[in-house]
Every structure is written in C-alpha cells, then in structure tokens.
Amino acid sequence: MRRAWGEPPWRLPSLPALAPACRAGGTGRPPPAATAEAIIIGAGLTGMAAAYHLARRGLAPLVLEAAAIGDGASRRTGGIVLDGTARGGLEGSTGALDELARLVALERIDCDLQLGGCWELEHRAPGSAKPPLWTDNGVELAVRASVPGGTVDPAALLGGLALAAHRAGARLYEHTAVKKLDLAPKPQLELAGTVIRPRLVIVALNAWMASMLPGVRPVTSAFTFACATEPLAPAVLETVGLAAGTPFYTIDLPYLWGRPLADGRVVFGSGLIFLAPDQLERFDIAQEEPQALLARLESRVRKLHPALENVGFSARWAGPVAIPENFTPIIGRMRQAPQVLVAGGYAGHGVALSVRAGRLLAEAALEARPLPVWSEPQL
Ligand SMILES: Cc1cc2nc3c(=O)[nH]c(=O)nc-3n(C[C@H](O)[C@H](O)[C@H](O)COP(=O)(O)OP(=O)(O)OC[C@H]3O[C@@H](n4cnc5c(N)ncnc54)[C@H](O)[C@@H]3O)c2cc1C
C-alpha cells in the first residue's frame, strides 16, 4: 500500500535487524497464527510502545501493520513532545516526558530528544510593551508562556522503539492489513488468507479506530498539514527568534505550530480536512483542496517575519489525526471483549502520550492494572 500523503523530512533508520522474518508483509505471507498469543494492530508509536512493553514482560506479540511502520501519523508528526493530553493533565498522563527520556536513554535511541520547553503563542491586539515574535495575517503573535516540552526526530524514535521491541521478542509484519476484528464470542481477526484467534488484542489504530471497531466512541478523523522550509542561515534563525530551537504552537485560532530542525529547516503546520476513517486511504495530497491549503500555509509563513519573505520550502505533507470528543483521548477495554484493549484519539498531542498509552495498555493486559479514566472506548 502506498499512501499519496506527501513526504515528511524524517527518515526511518534502516532496520536490518527486523528483516526479513519480521518485515515479512509484502511477500503476502500471513503471520504464523499458532504463535499469535497477542496481536497488536497498527505499527505507530502506540502499537510499537505496547509491543515493547509486552515483549519486555515475556510475551512475544505480533504487530500487524497495513502499510509500513509509522506510515500513519507517527512518522508524519511534527515531533513536538508535550506532557499530559490535549485536554490537560488527566490522571495517568503526566510525567510522559520523563518516561520518554528514560526509555530513550535505556534503549540508547538516537532520536535527538530535546526537552528545553515549548512556546505557547497567542494572537494579541497591538500595544503591548513586549515586542511580538511575528505578525500573523496582520495580527501580532507573541510568546505567552513556555511550557514543559521539546522536540524529537519521530522516525528515529519509532525506529529505535521497533528495534528495542524486536530485541525483546516482538515481531512486526508490515503490509499486513487486518480486514476485520470480531469481538464475540472470542476475539477473531481476519487477514488475507488467514484467521487468528489470539488471547489478547491491542487496537492501536488512532484515526482508523472507528473503521475497525464500529460502535467505538466516535473520533473525528482528519488530515492535518505541514511544510518544512529550506535550511535557514543561523543569522536568519536568530532574527526570527528560532535560534534556540524552541518549538511552538498557538493557543488560539488560526492555529499554527512548528519547530526548527537540526539542519536549519523549520517545520510549520496548520489546517484540517475532515474525512471519515474509511475514506482516509483515498486521500491524495495532489488534490485541489490540500494543495490550496498548503499554498495558504506557505504564504502565511512567508508573511510571519520580513526575514521569511522569500523562503523556499523543501517538504510538504499531510497526516491523519483523530480528534476525540472534548479532546479527551480514548483508552480502555472493549466491554464485550475485555481482552481487546484500545488507545488513541490524541488530537495533535500524541507523541509522548502514545508512548505512555502503549505502556499503560501492556500493563493493564498482563498485570491487570487499572487503566486511567480518560474516555472509554465504548459509548
Ligand atoms: C502532521 C501531524 C503533525 C502532528 N504533530 C504532533 C506534534 O508535534 N506533537 C504531538 O504530540 N502530536 C502530533 N501529532 C499527533 C501524533 O503524531 C499522533 O497522535 C501519534 O503519532 C499517534 O500514534 P498512533 O500510533 O496512535 O497512530 P498512527 O501512527 O496513526 O498508527 C496507526 C497505524 O495503524 C495502521 N493501520 C490502519 N489500518 C490498519 C489495518 N486495517 N490493519 C493494520 N494496520 C492498520 C496505520 O497504517 C498506522 O500505521 C501530529 C499528527 C500529524 C498527522
């Protein structure tokens, strides 16, 4: 499966240790059903974190991924890491930054994790004593606060997590879509040419969640957009206020987020196109609406600061997000099949949180620990 969603600046590290046995998808060979005690559906950050934690606790889960590892939101994300959730610091969601830092250190994942903080920007009326950072469509944009957070190379993080999960015993099958998941009387997965009846299933599908689990609490799925500038000279980064590498997001509308990269490029993101989960695969960034939206974003960036007036762009892409009711992420067990666990719906706040959610799911599955009360998967 090849998705026409544009290419982000991140590249997955080559993962030779995972080939060929674990990247067996694409050959059309179904995974060995006999070993499928635990199945994880979706190889983004949630799925790979769950796989890592299950494998470290002695289970050897199979991770089934419809496309390539990270080819949903996780390799297309902006890679800004934040604590808590889009709804704030819900129970069980705080401390996610420290947890991520510990995991990265423990597994020696080379993913340029920087935790120097993140700016909250706000549009404001002119006249404040403090000069604005930028001008956004004629309105001043100023730093309101610095909050805990930072940046990571998300593809390097995901690749490192996949390797660590593999070392611990997890097995990844790319290009292996789960066609159907029946919950009752016992969980049963249909794949091309095979049926698997595992003891445990973790659904880590985020924007696709509702298409696999009808009746799940609905999340609104959408594509959101990003672009990366050409590398900016250090003097230009200094002039536009980004020399320290601090990421940023606006707390009001029109929404804008972004972050500098180590090579001087700067990623900016904004905009949404809503699509039902079963329409996601058909989305094509070359279509008129996404192209118009990306052109608007680039024109907006060029007007933020005179030093950006003639900036060129090196990458444009879109990725799927899942926006839950009240921005409260979903985590829990399916009521009619408690051995099926689900997490997702992080909105634009899922990098550190998905890694946390993967651990919470693994612990709940194997150690019967209660899951935090965010949004239950079922209505
Ligand atoms: C452009 C963009 C920018 C973002 N920026 C930020 C940010 O800066 N900071 C932040 O915290 N969050 C950000 N987010 C959100 C964050 O990236 C996500 O919340 C997080 O990556 C979700 O991870 P996940 O593993 O739950 O989902 P995903 O990474 O989407 O993984 C789901 C996987 O399921 C697979 N799949 C789908 N159907 C099937 C099937 N039938 N069978 C098997 N597999 C299937 C998909 O191919 C996909 O790989 C951003 C998202 C986008 C799109």
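**Notebook: strands, sheets and ligand shell**

I began at a hairpin, which strand 18 and strand 19 form with two residues between them. I took helices and strands as DSSP runs numbered from the N terminus (helices H or I, at least four residues; strands E, at least two), and I counted two strands as paired if DSSP finds at least two bridges between them.

The model is predicted: local features need pLDDT of at least 70 and side-chain atom pairs count only at pLDDT 80 or more, while totals for chains, interfaces and linings use all residues. Residues are numbered from 1 along each chain as its sequence is written.

**Entry: the hairpin**

I found strand 18 and strand 19 (residues 337–344) running antiparallel, joined by five bridges. Met 334 has Ala 337 of strand 19 as its bridge partner. I then checked burial, where a residue is buried if 20 or more other C-beta atoms, placed from the backbone, lie within 10 Å of its own, exposed if 12 or fewer, and partly exposed in between. Strand 18 (residues 330–334) is largely enclosed by the rest of the structure, because four of its five residues are buried.

**Entry: the whole chain**

I noted seven helices and 19 strands in the protein chain. Of its 379 residues, 48% count as buried. I compared the radius of gyration, taken over C-alpha atoms, with the globule rule of 2.2 Å times the number of residues to the power 0.38. The chain has 21 Å, which agrees with the value near 21 Å for a compact globule because the rule is applied to 379 residues. Along the principal axes, the C-alpha atoms fill a box of roughly 65 × 40 × 40 Å.

Strand 5 runs antiparallel to strand 6 (residues 139–147), with three bridges, and Trp 134 has Leu 141 in strand 6 as its bridge partner.

**Entry: strand 1**

I saw Ala 38 and Ile 40 point one way from strand 1 (residues 38–41) and Ile 39 and Ile 41 the other way, all of them buried. Strand 1 pairs in the parallel sense with strand 12 (residues 200–203) over four bridges and with strand 2 (residues 62–64) over three bridges. Ile 39 has Val 201 as its bridge partner in strand 12 and Leu 62 in strand 2.

**Entry: the ligand shell**

The ligand is surrounded by 42 residues, the closest being Gly 42, Gly 44, Gly 72, Gly 319 and Gly 350. Among the elements that each supply at least two shell residues are helix 1 (45–56), strand 17 (313–324) and helix 7 (351–367). The shell divides into 21 nonpolar, 18 polar and three charged residues. Here Ala, Val, Leu, Ile, Met, Phe, Trp, Tyr, Cys and Pro count as nonpolar, Asp, Glu, Lys and Arg as charged, and the others, Gly among them, as polar.

Technical notes: Near = placed C-beta within 6 Å.
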